[in-house]
Amino acid sequence: MRTATTIPFVFCLVMMETSAFAQQADFSGHWRLNEKMSQNPFEKIYVSMGTEQLKGAGTSAYNSVNSGTLLRDSDRASTLRALLDYAEVLETVEIEQTEDELTIAVGAGDEFFSLFYLDGEKHARQLPAGLSIEATAAWEGESIQILQVGENDAVLKEIYSLVGDGNQMALLFQLESKLTQIPVQFRLVYDRVEAD
């Protein structure tokens, strides 16, 4: 008797989980920054980091790097430079999403490239610069929350949410570091576009 009631119950749970994934937001695609609906990341960076270290900050000559690079927290000038490099290429984002993984490429040349596992577990990573970080990505309702924590206690939090009918995406970016006067925080809105 117990088996007869357990099987339908388990079947219902499996169907609910399958249905829940089918209803989750799909971030896959190409996205272009909607400047009118977005905050200016450069202004937010300067408010948080100050402007005394502007000399020589920012560069357009660098290879693809992981977004965890923003957690280096080694010195004010290099952190400001990394943030300005990131803000410079935020105009385009490409996302590939599966049930288990999320790949985010920021910039027309994939200047900032990251892979996250959507299991809510902490995953240790070693960046080329020698920094160890822990990355966690998980669903929070219909949004994806990504948390990266450096061994130096710097924290990068990103929340991706679809807006309206799914043709717009909002990104909330927040970086907490010992080098910032206040967290670097800004909100960007993207429009879904066809691939070039």
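The model is predicted, so local features are described only at pLDDT of at least 70 and side-chain atom pairs only at pLDDT 80 or more, while totals for chains, interfaces and linings use all residues. Residues are numbered from 1 along each chain as its sequence is written, and side-chain values use heavy atoms, with hydrogens and water left out.

The protein chain has 3 helices and 10 strands. Both kinds of element are DSSP runs numbered from the N terminus, with helices (H or I) needing at least four residues and strands (E) at least two. Going along the sequence, the pattern reads α-β-α-α-β-β-β-β-β-β-β-β-β. Of the 196 residues in the protein chain, 41% are buried. Here, buried stands for under 20% relative accessible area, exposed for over 50%, and partly exposed for anything in between, using a 1.4 Å probe and protein chains only. As for contacts (heavy atoms within 4.5 Å), 53% of those in the protein chain with a separation of 6 or more link residues 24 or more positions apart.

The strands come together in an open sheet: 10 of them line up as S4-S3-S2-S1-S10-S9-S8-S7-S6-S5, with antiparallel pairing. At the edges stand S4 (112-117) and S5 (123-126), each with a single partner strand, so one side of each has no neighbour in the sheet. From one strand to the next, the twist averages 25°. Pairing here asks for at least two DSSP bridges between two strands.

Several of these pairings can be followed residue by residue. Strand S2 (residues 92-97) runs antiparallel to strand S3 (residues 101-106), and 5 bridges join them. In that pair, Glu 96 sits opposite Thr 103 of S3. Further along, S7 (residues 143-150) and S8 (residues 155-163) are antiparallel and joined by 6 bridges, with Gln 148 having Leu 156 in S8 as its bridge partner. These two strands make a hairpin with 4 residues between them. S8 then pairs antiparallel with S9 (residues 168-176) through 9 bridges, and Val 163 has Gln 168 of S9 as its bridge partner. S8 and S9 also form a hairpin with 4 residues between them, and Gly 164 in the turn has a positive phi of about 60°.

What about the helices? Helix H3 (residues 76-88) lies across S3, S4, S8, S9 and strand S10 (184-193), and runs at about 175° to S9. Such angles run from 0 to 180 degrees between N-to-C directions, and axes are lines fitted to C-alpha atoms, for helices over the stretch in contact. H3 also packs with H2, at an angle of about 165° and with the axes 10 Å apart. That makes the two helices, H2 and H3, roughly antiparallel, a label for angles over 145 degrees, where under 35 is roughly parallel, 65 to 115 roughly perpendicular and the rest oblique. Residues of H2 that meet H3 include Phe 42, Ile 45 and Met 49, and among those met in H3 are Leu 80, Leu 83 and Ala 87.

Two asparagines mark the loop between S1 (29-33) and H2 (41-49), one of them being Asn 34. Asn 34 is buried, at a relative accessible area of 15%. A polar atom of the Asn 34 side chain lies 3.2 Å from the backbone nitrogen of Met 37. Leaving aside neighbours within four places in sequence, Asn 34 touches Gln 168, Val 189, Tyr 190 and Asp 191. Asn 40 has its place in the loop between S1 and H2, and is partly exposed at 34% relative accessibility. A polar atom of the Asn 40 side chain lies 2.9 Å from the backbone nitrogen of Phe 42. Asn 40 and Leu 188 are 148 residues apart along the chain, yet their C-alpha atoms are separated by 8.2 Å.

Most residues other than glycine have a negative phi. Asp 153, in the loop between S7 and S8, has a positive phi of about 75° although it is not a glycine. Asp 153 counts as exposed, with 64% relative accessibility. Asp 110 also has a positive phi, near 55°, and is found in the loop between S3 and S4. At 29% relative accessibility, Asp 110 is partly exposed.

Terms used. Polar contact = N/O pair within 3.5 Å; in protein donor to acceptor, adjacent residues only side chain to side chain.
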